[in-house]
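Subject: Structure handover and notes

Dear colleague,

Please find below the structure I promised to pass on. My notes follow directly after it, and I would be glad if you read them with the model open.

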Amino acid sequence: MPFTPFHFGPGMLIKGLMPGQFSLSVFALANIAMDVEPLYHLLRGDTQLHGASHTLIGAACIGAATALVAPKVIAGIWQWYQKLHVDADIPVHLTRQQAWMGALLGTASHLLLDATMHHDMHIFLPFSDANSLLHPAWTQNVYLACVLAGMAGMLISLLRMHRQFKHPQ
């Protein structure tokens with residue numbers, strides 16, 4: 001699933017279920033960071049796109065780097081957005097827990113989803129080159145599950161917002 005919004009479906013569901021403990025923005029950045037290496041290989045015309053970034057060790061490193069860098073990146077983007085929109089005066093608040101949950105769940109879910117459909121993934125390297133999660137026949141079902149997860153997450157979030165507007169604290 002290189003560079004697809006399908007990866008964000010599970011993130012929407014997690015955000016719906018754990019809104020205060022999870023950053024969807026960091027989740028998205030972590031998923032994008034996971035696909036930098038495949039993009040590089042794609043642009044070079046390489047036959048193997050998924051390398052070190054799509055291993056357990058690589059995903060953990062990308063998750064940790066994203067958790068550390070993302071709060072500053074998101075704050076900078078928000079400041080730029082506020083300059084363009086006068087009415088956007090709500091400060092961005094991102095806790096360490098939200099950043100780490102978003103980053104690690106982002107890279108872990110990305111790794112699991114891609115491992116089911118890409119033959120060139122070896123998630124257990126350097127310990128093993130096996131990929132016991134590879135089931136290309138599941139590809140359409142994985143896409144559908146991602147879409148349904150995103151829809152469920154949006155519905156949960158909308159219901160939560162409706163309840164807050166109906167019964168403000």
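How many aromatic pairs does the count come to? It comes to two aromatic pairs, where the rings of Phe, Tyr and Trp (its six-membered ring) are paired if their centres lie within 6.5 Å, and planes under 30 degrees apart count as stacked, over 60 as edge-to-face and the rest as tilted. One of them joins Phe6 and Tyr143 in a tilted arrangement, with 4.6 Å from centre to centre and 45 degrees between the planes. This pair links distant parts of the chain, since Phe6 sits in the segment before α1 (8-17) and Tyr143 in helix α6 (residues 139-166), 137 residues apart. Phe6 is partly exposed, at 28% relative accessibility; here buried means under 20% relative accessible area, exposed over 50% and partly exposed in between, with a 1.4 Å probe and protein chains only.

Before going further, please note that this is a predicted model, in which local features need pLDDT of at least 70 and side-chain atom pairs count only at pLDDT 80 or more, while totals for chains, interfaces and linings use all residues. Residues are numbered from 1 along each chain as its sequence is written, and side-chain values use heavy atoms, with hydrogens and water left out.

As for the overall fold, the protein chain has six helices and zero strands, these being DSSP runs numbered from the N terminus (helices H or I, at least four residues; strands E, at least two). The C-alpha atoms fill a box of roughly 55 × 30 × 25 Å along the principal axes, and buried residues make up 34% of the 169 residues. Of the contacts (heavy atoms within 4.5 Å) with a separation of 6 or more, 65% are between residues 24 or more positions apart.

Helix α6 has 28 residues, which at 1.5 Å a residue should span 40 Å, and its end C-alpha atoms are 41 Å apart, which agrees; the expected span is 1.5 Å times one less than the number of residues. Its buried residues are Thr139, Val142, Cys146, Ala149, Gly150 and Gly153, and they pack against α1 and α5.

Thr107, in helix α5 (residues 96-115), is buried, with a relative accessible area of 3%. A polar atom of its side chain lies 3.3 Å from the backbone oxygen of Leu104. Leaving aside residues up to four places away in sequence, Thr107 touches Ala30, Met34, Ala59, Ile62 and Gly63.

Finally, the structure holds one salt bridge, defined as a side-chain nitrogen of Lys or Arg within 4 Å of a carboxyl oxygen of Asp or Glu. The side chains that meet in it are those of Arg44 and Asp46, at 3.2 Å from N to O. Arg44 is exposed, with a relative accessible area of 53%, whereas Asp46 is partly exposed at 25% relative accessibility.

Definitions and conventions. A polar contact is a pair of N or O atoms within 3.5 Å; within protein, one must be able to donate a hydrogen and the other to accept it, and residues adjacent in sequence count only if both atoms are side-chain atoms.
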